[in-house]
Amino acid sequence: MPAGDHAVSSGHAADGRRASGLIDLHTHSRVSDGTQTPAELVAAGVDAGLAVLGITDHDSTAGWAEAFDAARGTGLTVLPGLELSTQLDYASVHILGYLIDPADPALLAESERTREERLHRAETMVARIAKDYDLSWDDVLAQTAPGATVGRPHIADALVAKGFVPDRTAAFGSILHWRGGYYRPHRAPEPTVGIRLIAEAGGVPVIAHPGARGPERLFAGSRVRSLVDAGLMGVEVHHRDNPPEARELWLRRAAEYGLVVTGSSDYHGAGKPNLLGENSTSLEAYARIVELGTGSAPFTG
Ligand code: AMP
Ligand code: FE
Ligand code: FE
Ligand code: ZN
């Protein structure tokens, strides 16, 4: 079993499929930029034999209720969370927030503001792209679930539908790339602010994929200290975007600062190659998250 894979129990699901028993705490639905509804996401988690599925849409908790409903009777546990957009030196830094109070006014206000900024930013990017490609804002809306947190993946889907690129990944590598000529950043709070908001909402702040290109160069030791002082409780070490050296570095930092180490797929349905359970979290780490989070509770169906 590769490092970062932890089976809670192995055996067979009720219908005879092999249950992996894995704990995968980072996935997306159509409430943000995943391609499945929350109910379909939960069904995919059941199919993959997961023991625990974290639903962590970008800047939104709108998928929780549907995910809980869908889990009923399946035996799957849904860990509610979100993936908060923050930014540091113009780079985007994602903070996972587990077990937050979804009605916390300060966190709600900040995530709502980011969703609006994302919407305006997407409109601006589409206006720029429209100068060179036959693409309209309606084309993007046609790819976006009502109320969803809008991101480049929705523009990518519109570009795919129009036949300009074969898939999302190709769109991200060309037209939507930050050096592609059409890219615009969007405003978001600083990571320390996002971490504080999550912690004050009773949640467990975990830095997502810190070894991914953008964030990696930002996190000198002194900056890690300031994140921990702000309330950072965990780090997503086992993620396909973290190269081996980054995993080693963050494992050392986790030990030094007492951070919970997680691993997850960052599954986006058909939108990304990431597969459910490709990375996972240990039962001990999951238990600590459940112990630390006070704003909401995991739902076992
Ligand atoms: P944005 O936040 O709007 O700048 O868009 C970046 C988001 O696109 C990240 O959350 C990625 O997870 C997501 N994404 C979805 N599909 C892909 C893909 N095929 N390649 C790169 N990023 C993707
Ligand atoms: Fe995403
Ligand atoms: Fe992310
Ligand atoms: Zn994600």
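Start by selecting the iron ion (ligand 2): the 6 donor atoms around it subtend angles of 50 to 145 degrees, which makes the arrangement irregular. Donors are N, O and S atoms within 2.8 Å of the metal (3.2 Å for Na, K and Ca), and water is not among the atoms, so sites may look incomplete.

Before going on, keep in mind that this is a predicted model, in which local features need pLDDT of at least 70 and side-chain atom pairs count only at pLDDT 80 or more, while totals for chains, interfaces and linings use all residues. Residues are numbered from 1 along each chain as its sequence is written, chains are lettered from A and ligands numbered from 1 in the order in which they are written, and side-chain values use heavy atoms, with hydrogens and water left out.

Now show the side chains at this iron ion (ligand 2). Asp33 (OD), Asp33 (OD), His58 (NE2) and His268 (NE2) coordinate the ion at 2.1 to 2.8 Å. Along the chain, the donor residues are spaced D-x24-H-x209-H. His58 sits in strand S4 (residues 52-58) and His268 in the loop between strand S9 (260-263) and helix H11 (283-292), so that pair links parts of the chain 210 residues apart. Helices (H or I, at least four residues) and strands (E, at least two) are DSSP runs, numbered from the N terminus. Both His58 and His268 are buried; that label means under 20% relative accessible area, with exposed over 50% and partly exposed in between (1.4 Å probe, protein chains only).

Next, select the zinc ion (ligand 4), 4.3 Å from the iron ion (ligand 2). What coordinates the zinc ion (ligand 4)? You will find His26 (NE2), His28 (NE2), Glu83 (OE) and Asp266 (OD), at 2.0 to 2.3 Å. The 4 donor atoms subtend angles of 77 to 167 degrees, so this arrangement is irregular. His26 lies in the loop between strand S3 (23-24) and helix H1 (38-47) and Glu83 in strand S5 (residues 77-88), so the pair ties together parts 57 residues apart in sequence. His26 is buried at 0% relative accessible area, and Glu83 is buried at 1%.

The iron ion (ligand 3) is 5.4 Å from the iron ion (ligand 2). His94 is buried at 13%, and His209 is buried at 9%.

Arg121, Ala122, Met125, Val126 and Ile129 of H3 meet Arg152, Ile155 and Leu159 of H5, where contact means heavy atoms within 4.5 Å.

Finish at Pro166, in the loop between H5 and helix H6 (168-173). Pro166 counts as exposed at 67% relative accessibility.

Conventions:
Four donors count as tetrahedral if all angles lie between 85 and 135 degrees; four count as square planar and six as octahedral if opposite donors are over 155 degrees apart and all others between 65 and 115; anything else is irregular.
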